[in-house]
Each structure stands twice: as C-alpha cells, then as structure tokens.
Amino acid sequence: MEFSVKSGSPEKQRSACIVVGVYEPRRLSPIGEQLDRISDGYISNLLRRGDLEGKPGQMLLLHGVPNVLSERVLLVGCGKERELDDKQYKQIISKTISTLNDTGSMEAVCFLTEQHVKGRDTYWKVRQAVETTQDSLYVFDQLKSKKSEARRPLRKIVFNVPTRRELTIGEQAIEHGLAISHGQKICKDVANMPPNICNPAYLGEQAKELEANFDKINVNLVGEKEMEELGMHSYLAVGRGSANESIMSVIHYNGAAEGKAPIVLIGKGLTFDSGGISIKPGEAMDEMKYDMGGAAGVLGAMRTLAEMNLPINVIGILAGCENMPSSNAYRPGDILTTMSGQTVEVLNTDAEGRLVLCDALTYVEAFDPEVVIDVATLTGACIIALGHHTSGLLANHNPLAHELLKASEQSGDKAWQLPLWDEYQEQLESPFADFTNLGGRAAGTITAACFLSRFAKKYHWAHLDVAGTAWRSGKNKGATGRPVAMLSQYLLNHADVGQDSEA
C-alpha cells in the first residue's frame with residue numbers, strides 16, 4: 001500500500017475516488033459542502049432524499065457526480081460532529097478502507113483526516129489512518145493452498161491535510177505509522193503461526209532475520225547449555241517436558257553511544273502452553289499458541305524501532321519456551337532454584353510464564369538497564385479484571401508507569417495501572433521455599449506481578465499483562481498486534497522524536 005499526503009481542494013482532485021464525511025443529521029462536512037457547490041447541489045439533494053443519514057460508518061458510493069473530476073465520491077457517515085472520538089474515527093477509517101477495497105477503487109484521496117477528532121491533531125489523525133488501514137487489510141493466508149484476492153484492490157491512498165504547513169507533519173505521521181504497522185504485521189504473523197512451526201528456534205530465526213535486515217541490530221541466541229551454566233534452572237524446568245529446546249533470543253539495537261544505558265524489553269515466548277502436568281481444559285487450547293504474544297510484541301517493537309532508526313539503545317529479549325506434559329516435565333510440588341538464587345515452590349505448572357520471566361529478569365541485570373519492561377500473556381485474571389480492551393500495567397516505579405500510560409493514551413493502545421502493594425506479597429508465602437509460584441484466585445494479576453517484582457529490585461521495572469489484548473477469539477480469531485503501538489510510542493517519546501504532545 002502506498003501512502004502520501006497533500007493539501008488541496010476536492011474539486012481539483014482527479015482520482016478513482018474522493019472520500020468525504022457527512023455528519024448527523026444529513027449535514028455535509030466543509031469539504032462535502034465544497035463538492036456540493038461545484039456539483040450544483042447534487043449531493044445535498046441526495047441527502048434530503050434520505051439516501052444517507054450520517055450515522056457512524058454509513059457509506060454511500062456515488063458515480064459520475066456532476067463537475068467532479070474523480071470517478072467516484074464516497075460519502076462516509078461520521079456521526080455527530082462534536083462527538084467524533086478516537087474509537088469512532090478508527091472504526092470509520094476501517095469501514096472506509098474495506099469499502100474502497102471491495103468496490104474496485106484502486107486509489108483514493110481521503111479527506112477524513114480533516115475531520116475534527118476530540119483532542120487530536122493532524123499527526124495523530126494521519127498516523128492512525130495509516131495504522132488502521134494496514135490493520136484492516138491484514139490477512140494471514142501463508143498456509144492456505146488457495147488464496148482469495150480482491151480483483152482490483154486498493155493500492156494507493158492520499159490523506160489530505162488542511163494547510164500546506166502541515167505537509168511535513170503528515171509525512172512524518174505516515175513514516176511512523178508505516179514503521180509501527182510493519183512491526184504489528186511481524187507481531188501478528190509470528191503469533192498466528194501454528195506451534196508446529198513457531199517454536200523457540202523459530203523465534204530465534206525471526207530475530208536473526210532482523211539482524212540481517214538492519215545494521216544496528218545484533219542478535220545472540222542463548223540455548224539450554226548456556227542457561228544451565230548461568231543457573232537459569234527455573235526457565236529450564238518449564239521447557240523440560242518439550243522436545244523443542246528452550247531458546248532465549250537477545251536482540252541488541254545500538255542507536256546511541258555505547259555507554260548509554262539501554263531500555264530492555266522482555267517478551268514471554270511460550271510458543272505453546274499446554275499447562276504441563278497441570279494440563280489445561282481442551283476447549284480453545286489451540287489458542288495457547290498465542291502464549292508467546294509478549295515475545296511477538298517485543299519482536300514487532302524492535303522491528304519498528306530499527307525502521308524508525310531512533311537514537312537510543314534497546315535490548316529485546318524473546319524468552320522462548322514450550323510447556324508440555326511428559327515423563328520429564330516439572331511437577332506441582334517441585335522446588336526450583338532461580339538464577340537469582342531464590343527458591344520457588346511450584347503449586348501449578350500452568351503458572352509457568354513467571355518462572356521463565358523471573359530468570360530473564362535476572363539475566364538482564366548484566367546490561368545495567370535504564371528501565372526494564374516485560375510483556376506477557378500472563379494471567380487469565382487480567383481478562384476478568386479488564387476484559388479484552390485494556391492491558392494491565394504494574395510497576396515498581398511510578399514515573400515509568402506514567403510514561404507507559406501516556407504512550408498508551410497517545411497510541412490508542414490502552415492500558416490501566418493496577419496496584420503493586422506489599423499486602424499482596426503475603427499470598428505467595430511458602431512453608432518449604434522462599435515463596436510459591438501462585439498466589440491463589442484473588443488478585444491473580446497482581447500476585448503474578450508481585451512474584452516478578454522479587455526479581456526486578458535492581459532497576460526500574462514495569463510489567464504489561466496482555467492476556468486479554470494480544471489476540472481475539474471467535475470467528476475473527478487472530479493476533480491483534482498489541483502492544484507494539486504502545487511500546488513504539490514509548491520509545492518515540494523516550495527518544496524525543498515526533499509529535500510528543502498529541503501523538
């Protein structure tokens with residue numbers, strides 16, 4: 001898909017289609033009014049007849065509008081003028097792209113980026129239009145023997161901005177939107193890949209592919225032999241029941257001076273989670289291929305970071321592992337010695353992600369990080385607490401939490417902070433080891449983060465629980481690409497690049 005921005009009047013556009021907004025009730029946007037004037041009231045007459053109310057997402061495709069150079073005009077319902085918000089704007093863009101793609105308009109000039117969206121500027125509107133377009137057109141069909149393709153798919157879209165002064169802002173928004181979309185695509189592709197293909201070694205291959213494509217990226221793979229030498233017995237225990245070797249992929253992005261402390265991103269990479277000996281119910285177990293959603297998100301964010309060429313140092317960790325039942329699998333009742341030396345009593349082998357992440361959190365101490373952010377499909381409790389719209393956020397450093405919340409607000413990739421108070425730590429007490437790997441049903445997301453916090457005392461740390469947001473179930477089952485947008489926005493802000501106020 002080719003994107004560009006321009007600033008011009010609609011009557012001068014010669015294109016396959018012009019896209020303009022209509023507000024409720026049957027009220028043309030300023031751009032629509034201009035087209036109506038040059039068409040001698042043709043469009044307003046249609047609206048008076050009741051052909052389009054202007055409700056959000058309504059579409060009316062017109063052919064041969066008098067005195068208009070473009071072949072088609074697509075009228076798009078935008079709802080009430082002062083009520084157009086983030087969610088509605090993205091839904092309208094998505095519906096518009098689907099309509100254009102299905103009706104043979106191979107190119108279009110879109111004026112929806114001139115609509116007023118509450119609290120948002122031109123950069124945000126153009127960038128979100130790019131990201132939403134790419135998301136709308138995404139398909140995962142690599143493994144289908146027959147692929148369905150549109151006969152005349154949308155190939156080029158031009159977003160109009162109000163003034164020529166905003167062209168540079170619009171171009172930067174497209175550049176950032178494309179980089180984030182490319183990261184989201186990698187995230188979705190890897191997460192959607194079946195577990196007989198996507199195993200820990202496959203995650204390593206994807207990391208190596210980044211290394212091959214970007215000069216500032218270097219990768220080293222940590223296998224089981226090296227983990228054993230490092231004392232990562234907790235990580236190793238989780239993968240012990242699988243025929244697939246546990247592999248931790250360490251991705252170094254060097255965009256700043258060598259001595260500059262790195263930001264570290266750690267992604268839980270359980271390429272399949274059967275639950276182990278504490279085996280999961282059979283229903284929807286196929287979706288446990290998405291238990292590497294955190295690693296997929298980190299991989300996507302590293303891809304975006306490299307494309308944007310940001311002047312910071314970042315290390316991405318893909319903590320690859322597979323949790324399977326076997327005669328060699330770890331058991332409830334086992335006591336594991338972590339890389340930190342702390343001991344953990346295993347109460348449930350399906351609380352495995354934290355046992356992998358805890359050793360990764362200790363491993364990254366060697367990098368003397370500025371901050372560490374882990375991303376994990378960690379707890380079903382997070383879905384009970386926040387549903388499928390919002391990721392859970394917990395942190396041992398409030399300024400870091402606030403930076404991530406700001407990035408979530410800017411990017412539209414929502415997160416909500418939960419408390420990490422000492423009172424919850426008591427739920428992890430064990431009579432036999434330093435603590436257990438499970439805090440019970442109450443506050444499950446918080447006690448999981450409490451567990452991780454015991455391995456993150458030497459640096460500023462935040463934890464993102466994306467169990468409810470990394471993928472969708474049901475008819476439209478598939479990875480969402482989250483939280484690539486939030487992480488990328490955080491890195492953009494940290495590098496002080498882009499429209500920091502209203503990105």
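This report describes the cores, helices, cysteines and open spaces of a predicted model.

## Ground rules

Residues are numbered from 1 along each chain as its sequence is written. The model is predicted, so local features need pLDDT of at least 70, and side-chain atom pairs count only at pLDDT 80 or more, while totals for chains, interfaces and linings use all residues; side-chain values use heavy atoms, with hydrogens and water left out.

## Helix 3

Start with helix 3. Helices (H or I, at least four residues) and strands (E, at least two) are DSSP runs, numbered from the N terminus. The expected span of a helix is 1.5 Å times one less than its number of residues. Helix 3 covers residues 86-102, which is 17 residues, so it should span 24 Å. Its end C-alpha atoms are 25 Å apart, which agrees. After helix 3 comes G104, with a positive phi near 85°.

Which residues of helix 3 are buried? They are Q88, Y89, I92, I93, T96, I97, T99, L100 and N101. Buried means under 20% relative accessible area, exposed means over 50%, and partly exposed lies in between (1.4 Å probe, protein chains only). An α-helix has 3.6 residues a turn, so residues three or four places apart point the same way. The cover over the buried residues of helix 3 includes strand 2 (17-23), strand 4 (59-63), strand 5 (72-77), strand 6 (107-110), helix 4 (122-137) and strand 7 (156-160).

## A closer look at C110

C110 sits in strand 6. C110 counts as buried because its relative accessible area is 1%. Contact means heavy atoms within 4.5 Å. Not counting residues up to four places away in sequence, C110 touches V19, I157, V158, F159 and N160. V5 is 105 residues away from C110 along the chain, yet their C-alpha atoms are separated by 9.4 Å.

## The nonpolar cores

A nonpolar core is a set of buried Ala, Val, Leu, Ile, Met, Phe, Trp, Tyr and Cys residues joined through side-chain atoms within 4.5 Å. The largest core has 89 residues. Those touching the most other members are F159, L265, M302, V314, I373, Y490 and L491. Helix 9 (residues 293-308) supplies the largest share of this core, nine residues.

A second, separate core has 46 residues, including A237, V264, L270 and F435. Back in the largest core, take Y490. Leaving out residues up to four places away in sequence, Y490 touches I263, V371, I373, L400, E403, L404 and A407.

## Covered places

Helix 10 (residues 353-363) is mostly covered: eleven of its eleven residues are buried. Among them are R354, D359 and C358.

S246 lies in the loop between helix 8 (233-239) and strand 9 (247-254). Is S246 buried or exposed? S246 counts as buried, because its relative accessibility is 0%. Apart from neighbours within four places in sequence, its contacts are P200, V222, G223, E224, M227, Y235, G239, G320 and C321.

A395 belongs to strand 15 (residues 391-395). At 11% relative accessibility, A395 is also buried. Its contacts, neighbours within four places aside, are A401, L420, W461 and A462. A395 and H463 are 68 residues apart in sequence, but 6.1 Å apart in space, C-alpha to C-alpha.

## Cysteines without partners

How many disulfides does the whole structure hold? The search finds zero. A disulfide is a pair of cysteine sulfur atoms within 2.5 Å. For C198, the nearest cysteine sulfur is that of C187, 11 Å away. For C358, it is that of C321, 11 Å away. C198 is buried at 2% relative accessibility, and C358 is buried at 0%.

## Pocket and cavity

On a 1 Å grid over the protein atoms alone, a cavity is a set of points where a 1.4 Å probe fits but cannot get out. A pocket is an open set with protein on both sides within 12 Å along at least five of seven lines. Lining residues have an atom within 4 Å of a point. Grid points are joined across faces, edges and corners, and a volume is the space filled by probe spheres set on the points.

The largest pocket has a volume of about 1600 Å³. Its lining has 41 residues, and K90, D135, R472, T480 and R482 lie nearest its centre. Helix 4 gives the most to this lining, six residues. The count of cavities of 30 Å³ or more is one. The largest cavity holds about 40 Å³ of space. Its lining includes C187, Y290, W471 and R482. Helix 5 and helix 9 each give two or more residues to the lining of this cavity.
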